Amino acid sequence: EHALLRLENKLKELEDKIEETRAAGTETNDKHTVAATQYAALNTQLQYELKEAEAYKSLLKERELLLATEATLKEFRQEVSARTIPELNKFASELVSGFTNGKFIGVTITDDFNVLAHFKEGSTREAQLLSGGEFSAVALAIGLAMSKVFSGSSSSLILDEAFTAYDPNNLDATIKTIQSSMGAQQIIIIAHNDSVDAIADYRIAL
């Protein structure tokens, strides 16, 4: 009986140890599951951040390229401006003076591309402060100056709605100035009003 009791006690101890081991195993398995879940979440976050880092790296390269391109364009613009703006000012001034029978004596395009109009009596005004007819004369002079400087002379010109807000009293002088300064033998004017009828050699109604 004594031996049997000892065996029973040992068996009970073993059962307790098995239960403890099973409980510890369950707890370990739960911890493993939690750890595996956290690992999967962290790995997913890591992959996402790696992709974001690659995308950001690509954006940095694009930004560097864009900055380099902008610097090149700025330098090119400065070179072109330094070379062409004086020519534009000179030719536009000649044109606008002829357009307005000397009312304007010059036009200045500044380095930041503002336009100043100079009057015979000595005053100067920004283009946006001019009247409609005056502004049209200045705009036409600059447009033709750009055509002359960048494209050279042409025997033909097409003016599309160039005289909509134009002073009719200056039309004849304007056409003669264009013919002499631009070397244009043929000027085609597209207009939706009758203001150009008096200066047109031929009229085609559409």
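**Notebook: helix packing and an aromatic pair**

I looked up how helix 2 (residues 132-151) and helix 3 (residues 171-182) of this predicted model pack, and found an angle of about 15 degrees with their axes 12 Å apart. Helix 2 is therefore roughly parallel to helix 3, a label given to angles under 35 degrees. I note that the crossing of the two helices is right-handed, that is, the near helix is turned clockwise from the far one by less than a right angle.

For the contact (heavy atoms within 4.5 Å), I listed Leu140, Leu144, Ser147 and Lys148 from helix 2, and Thr174, Ile178, Ser181 and Met182 from helix 3.

I then checked the aromatic rings and found one aromatic pair, where pairing requires ring centres within 6.5 Å. Phe104 and Phe119 form this pair, at 4.6 Å centre to centre and with 35 degrees between the planes, which is tilted (neither stacked, under 30 degrees, nor edge-to-face, over 60). The pair links Phe104 in strand 1 (residues 104-109) with Phe119 in strand 2 (residues 115-119), 15 residues apart. I recorded both Phe104 and Phe119 as buried, meaning under 20% relative accessible area with a 1.4 Å probe.

Back in helix 2, I looked up Gly143, which counts as partly exposed because its relative accessibility is 35%, between the buried limit and the exposed one of over 50%. Gly143 lies 9.4 Å from Leu88, C-alpha to C-alpha, although the two are 55 residues apart in sequence.

On sources, I note that residues are numbered from 1 along each chain as its sequence is written, and that side-chain values use heavy atoms, without hydrogens and water. Because the model is predicted, local features need pLDDT of at least 70 and side-chain atom pairs count only at pLDDT 80 or more, while totals for chains, interfaces and linings use all residues.

Key:
Axes are lines fitted to C-alpha atoms, for helices over the stretch in contact, and angles run from 0 to 180 degrees between N-to-C directions. Helices (H or I, at least four residues) and strands (E, at least two) are DSSP runs, numbered from the N terminus. Angles under 35 degrees count as roughly parallel, over 145 as roughly antiparallel, 65 to 115 as roughly perpendicular and the rest as oblique. Rings of Phe, Tyr and Trp (its six-membered ring) pair if their centres lie within 6.5 Å; planes under 30 degrees apart count as stacked, over 60 as edge-to-face and the rest as tilted.
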